[in-house]
Amino acid sequence: MSRGHAFEIVALAILLNKGFEEIISDVSTLFLSKKTYHGNKDFGLDGVWFEDNGSTITLHVYQMKHSDKDLVTLKENELDKFIADTTNLFCDGNPAGKELNPKLEKYYQEYIDLTQSGRIIDLKMHFVFFGNKNMETDPVSKSKILNKDIAERYEQDLGFEIIDLNGLSRILRNYNATNIIRKEIEYSFSALKSNIATRSDPQAILSFTVQNVKAVNFRLSAYDLCKFLNYECEINGTIDTAFSTNIRGYLQYQKSVANLKIKETLTSDDAEYFSFLNNGITIIAEKVHLPAQPQAGSYPIQVKNPSIVNGLQTTNVIYDVFNESPESLEGVDVMIRLYEADDEQLVDKITDATNTQTPIDTRDKLSNKKFNSLTREFFKNKGIGYIHKRGESFLNRELRDLIYTVSNTIAIKFWYATYFERPELAKQNPGDIFERVLKSTMYETTEFGNLFSGDVDSPIYFQLYIASLLHKNVVDKRTTLEGKYKSERNYYIFSADELVCYTIYQLLKNDKLLEKIEDGFNDAYDQAIKVLSAVVEEEKQLKRMTQSRFNVNSFLRSSRSRYLVDTKLSIAESDLFELHDQLALKLE
C-alpha cells in the first residue's frame, strides 16, 4: 500500500482495536482491483463501522488526511466537505445517484436496510489527520496556524470528532497500560469526618461485612483521590493501572455530555455540592484495614492493590481538573464505596452491577478468561496470531512472525455461525453471543459451560480454529471478487460472510473438514455461492409477488435465510454439538 493508505489502516486499527486484516476486510472503503488497493468511488470516506449495542446502533464514519512530508493542517473546506459528503450519502440518500465502490455499497445497503426495518441509527463522524490539532503556530515558519480554533469550533458538535497524532498515541499508550503487570500498591485513604456528628461518634465511615466480603463507605477529598493517582503513576508509570482490568477498555474515554457536565460542575460555584451530584467511585481491594477508633482525629483506611471498578469518567475528569487548576478542587469531596474481595466472580458481578450507565465492552471482560490464553497457544502452533486483548496488534511482537491474525470476537462469532449453526444470530447480534460466552466462563451449567470453562481438554480451541479458517478463506474469496464487482450484481455476497461460512461448513463437515479444510474448499465455496444466489433470487421473487421490498440484510438476519439454505442442501440441522467427541479425539 501507499503510505497514505497504510496510515488509514493503522489509524482505524488503533481507533477500533482490530487487527489489520479485519480493518481491511470489514471497515476500510479500500477495495482490491488488479492486486492493488484503491479508494475510488468511496464518496471521500475512508472507513465505515456499525456499532450495534442492541437497543441502539451507531454509524461511525471516518476520513483520514495524511502527508508523506509535512504535518497536515486543518482546513475548514476539507472538514465541510467531509460533513457534506457524509450527510449527502447517509442522511439524504445519495440524491445524485453517484456510483459507489463495492465496499461502500455494502455499508450503504446495510444502512438502508436497517433504516427501512425501523431501526434508529446515530451518526458519528471522525476526522483523523496526520498533525496536531492544538497547534497554533508553525514551528518552522512561525506563521499562525488555526488548528486549535478550527478543532474547538467543529468539535462543539458531539457527533463530530477530530483526532490527531497525539490522540492516536494516547490510545496506544492506554493499550499498553492494559497489558502492564501492575506493581503492588499499598495506600491509605483519609476518610473525612462528619461535620454534624457528636464528639463520641464522628461518623467518618459506614462499614459492614457480608459473609467474607468487607464493605466500607466514606467521603474522600478530591485532593486525596488525586494523591492516590499520583502515587499510582509514581509506582507504575501511569494512572491507568489503577483501573480494574475489566474497565481499562474505556481508558480512551471520549468527550460526552456526562464528562462535560462533570467538569462543568467541578469548575463552577456548585463544586462543593459535587458529592450530592455524582454517584461516586467504587473501589475493590485485596485487603482493607480499618482503625478501631479515630487516630488523632483522622480515619486512615489502609488498602492493598485498590482498583477502581466504577467511576472511571469521574476519576479521569477530577484528575484532569487537578492537573489544569488544582485550586478548583478545594472543598470538593467524592463518595467512595470500598470492598475487600478477591473472588473473581464476585468482582465481575460488582463491576457489572455498578457500571449500568456505561456498560463495559464484553470483549474487555472476556479478554482475561483462561480459554483465551489456551486458544492463543493453539492458534500459535498453527502459525496464526489470536488477538484477545486491546492493542495486541501493536504490542505483541510474536504476531509479526505469524502468518496472519484473527481476533477472538471474529473467531467466536463465526464459531457460533458454523458449529452452533446460527449464522443469522451471529450477524444479527454478536454482542449477545459474547455475553453468553462470558457467562459460560463463569458458570459451567450454562449452555456453553463445558466448552469455555478453561479446561485444557475442551474441543473449543479446535472449533474456533476451524471457524476462523473458514472465515479467512471466505474473506479472501470475497476480496478477489471486489475487482470484478459490478453495481447491482450479487452485492449481497459482500454482506453474507456468516451464511456463506455456515453453508460451506454444512457441505464439508461430513467430508473430512476436520483433517484439511483446503481440500475441497474451492468447490464448496462455489457451491455455497450458487446456493446463496438461488435462495436470494427466490426470496426476491416472493417479495415481488407480495409487493414487499427485499432487504438483503434483514433477510440475512432472519432464520429464514438459514432454513432456505438447508432446504436447498437437503440437510437437517444437527444436534447442538454432535461433533464434540470427534473433535476431542482430534485435539488429543
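Biologist: Cys233 first. Is that residue buried, exposed or partly exposed?
Modeller: Partly exposed, with a relative accessible area of 31% for Cys233. Buried means under 20% relative accessible area, exposed over 50%, and partly exposed in between (1.4 Å probe, protein chains only). This is a predicted model, where local features need pLDDT of at least 70, side-chain atom pairs count only at pLDDT 80 or more, and totals for chains, interfaces and linings use all residues. Residues are numbered from 1 along each chain as its sequence is written, and side-chain values use heavy atoms, with hydrogens and water left out.

Biologist: And Cys226, buried or exposed?
Modeller: Cys226 is buried, at a relative accessible area of 0%.

Biologist: How many disulfides in the whole structure?
Modeller: The search finds 0. A disulfide here is a pair of cysteine sulfur atoms within 2.5 Å.

Biologist: New topic. Where is Leu481?
Modeller: In helix H19, residues 460–482. Helices (H or I, at least four residues) and strands (E, at least two) are DSSP runs, numbered from the N terminus. Leu481 is partly exposed, at 27% relative accessibility.

Biologist: What does Leu481 touch?
Modeller: Ile493, Phe494 and Tyr525, leaving aside residues up to four places away in sequence. Contact means heavy atoms within 4.5 Å. The C-alpha atom of Leu481 is also 9.6 Å from that of Phe31, 450 residues apart along the chain.

Biologist: At what angle do the axes of H19 and H21 cross?
Modeller: Roughly 65°, and the axes come within 11 Å. Axes are lines fitted to C-alpha atoms, for helices over the stretch in contact, with angles from 0 to 180 degrees between N-to-C directions.

Biologist: Over to H1. How many residues?
Modeller: H1 has 14, residues 3–16. From first C-alpha to last, H1 reaches 20 Å, close to the 20 Å expected at 1.5 Å a residue. The expected span is 1.5 Å times one less than the number of residues.

Biologist: Which residues of H1 are buried?
Modeller: Among them are Phe7, Ile9, Leu12 and Leu16. Asn17 follows H1, with a positive phi near 55°.
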